[in-house]
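Below is a short note on one helix, its neighbours and a chain contact. The points are numbered for reply.

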Amino acid sequence: MKCRTCGRKAAVNMRQHKLALCKEHYLEWVPAQVERFIKKYRMFSREEKILVAVSGGKDSLSLWDILHRLGYQADGLYICLGIDGRRSPLGEGVNYSAESQRLTEKFAAECGLKLNVVNVQQEYGETIPELAGRSQRGKGKPCSVCGLTKRHIMNRIARDFGYDVLATGHNLDDEAAVLFGNTLTWSGEYLLRQAPVLPATPGLARKVKPLCRLYEREMLAYALLRGIEYIYEECPFAVGATSIYYKELLNKLENERPGAKLGFYLSFLEARKKGLFAEPEAIQQELHPCPDCGQPTSAPGLCSFCRMVKKD
Amino acid sequence: MVKIILRDKEYEVRPGMTLLSALMKIDILPESVIATREGELIEEDEILRDGETIKLVAVISGG
């Protein structure tokens, strides 16, 4: 297989685009695609301050790397969740949070990038597994507690430190899996809120997903070819996650029909734009600032996050 | 024989077949992995050589 640009041996073949590229040209192609989507969806400009949520994983570190290469003002935010996950008292395996933080800090130091770090245990008195253990929301699995906490902290840091926009490393496979799940249940509210850009509203920073049209496989290839050291181990609580199951199903479809995932996602965006789903006015919620943290909430009184961390 | 490693699992296939054929033989979806040979990425038309080790990196990550 030959690189379409130069004819040398291809390192990456993208059946979905009928395109194969060598290492050099692939590492040019990915940032060019990201730039194209930043402009197409009007995500942000070079004059704006971007906060990139980085977990130590391949997608968020690659996103940060790409934005840096493209000349954007992008600082990182790492949230230490306090997830250990080692399987025995002897410490076999990897301390997930410690290792992901180490890799993120190493990346930031090597690239000369600014990294904000928030430690959930230090800030709120408990790790994510501990919070999940005693809250109704966390019954069974900490994922819901983790998501709520991360969204709260990301918004707080973006707001408190004057960032114009919050960027996350969600890739096409993430978006397609979420879309698939929400379509199976026809969750109109969630379908309406799934987009490459969520505009800022009072109290909430603009949120963007610059990698939303890039396949997870493409992002892995980018990280490997760039030599980005990322956390290879999965979050220990991700085992059996529905999102991973949906990704596997969609990969089977993609294997038979190259381009199916991208087509699914892009057709959804087009359909949404043309008004296929409920009018926003029909399900608009009234938001007010949480009396504790000031972030917007539809709940009476405290927001979901403040209610969760408040101990009785 | 050719050794193929994915996470903590090892597989063996006969040399001379393409990576794609090998992945199908061991029931691994090509879409779900990236293959490397001595640190270099290889694609599905690559012919596997006797005695070599191919490391597969899983695409899907959870976290």
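1. Tyr245(A) lies in helix H10 of chain A, where helices (H or I, at least four residues) and strands (E, at least two) are DSSP runs numbered from the N terminus. The model is a predicted one, in which local features need pLDDT of at least 70, side-chain atom pairs count only at pLDDT 80 or more, and totals for chains, interfaces and linings use all residues. Residues are numbered from 1 along each chain as its sequence is written, while chains are lettered from A and ligands numbered from 1 in the order in which they are written.

2. Tyr245(A) is partly exposed because 13 other C-beta atoms lie within 10 Å. The cut-offs, with C-beta atoms placed from the backbone, are 20 or more other C-beta atoms within 10 Å for buried, 12 or fewer for exposed, and anything in between for partly exposed. Cys80(A) is 165 residues from Tyr245(A) in sequence and 26 Å from it in space, C-alpha to C-alpha.

3. The 15 residues of H10(A), residues 242-256, should span 21 Å at 1.5 Å a residue, and the end C-alpha atoms are 22 Å apart, which agrees. The expected span is 1.5 Å times one less than the number of residues.

4. Which residues of H10(A) are buried? They are Lys247(A), Leu250(A), Asn251(A) and Glu254(A). These cover an arc of only 110 degrees around the axis, so they sit on the same side of H10(A); the arc is that of the directions from the helix axis to the C-beta atoms. An α-helix has 3.6 residues a turn, so residues three or four places apart point the same way. On the other side of H10(A), Thr242(A), Leu249(A) and Glu256(A) are exposed.

5. The cover over the buried residues of H10(A) includes helix H7 (172-184) and helix H11 (260-273) of chain A. Contact is taken as C-beta atoms, placed from the backbone, within 7 Å.

6. In the contact between H7(A) and H11(A), Leu172(A), Asp173(A), Glu175(A), Ala176(A) and Leu179(A) of H7(A) meet Lys261(A), Leu262(A), Phe264(A), Tyr265(A) and Phe268(A) of H11(A). By class, these are 7 nonpolar, no polar and 3 charged (Ala, Val, Leu, Ile, Met, Phe, Trp, Tyr, Cys and Pro count as nonpolar, Asp, Glu, Lys and Arg as charged, and the others, Gly among them, as polar).

7. The contact of chain A with chain B takes 25 residues from chain A and 15 residues from chain B. H10(A) gives the most to the chain A side, with 7 residues. That side has 12 nonpolar, 5 polar and 8 charged residues.

Key
Contact = placed C-beta atoms within 7 Å.
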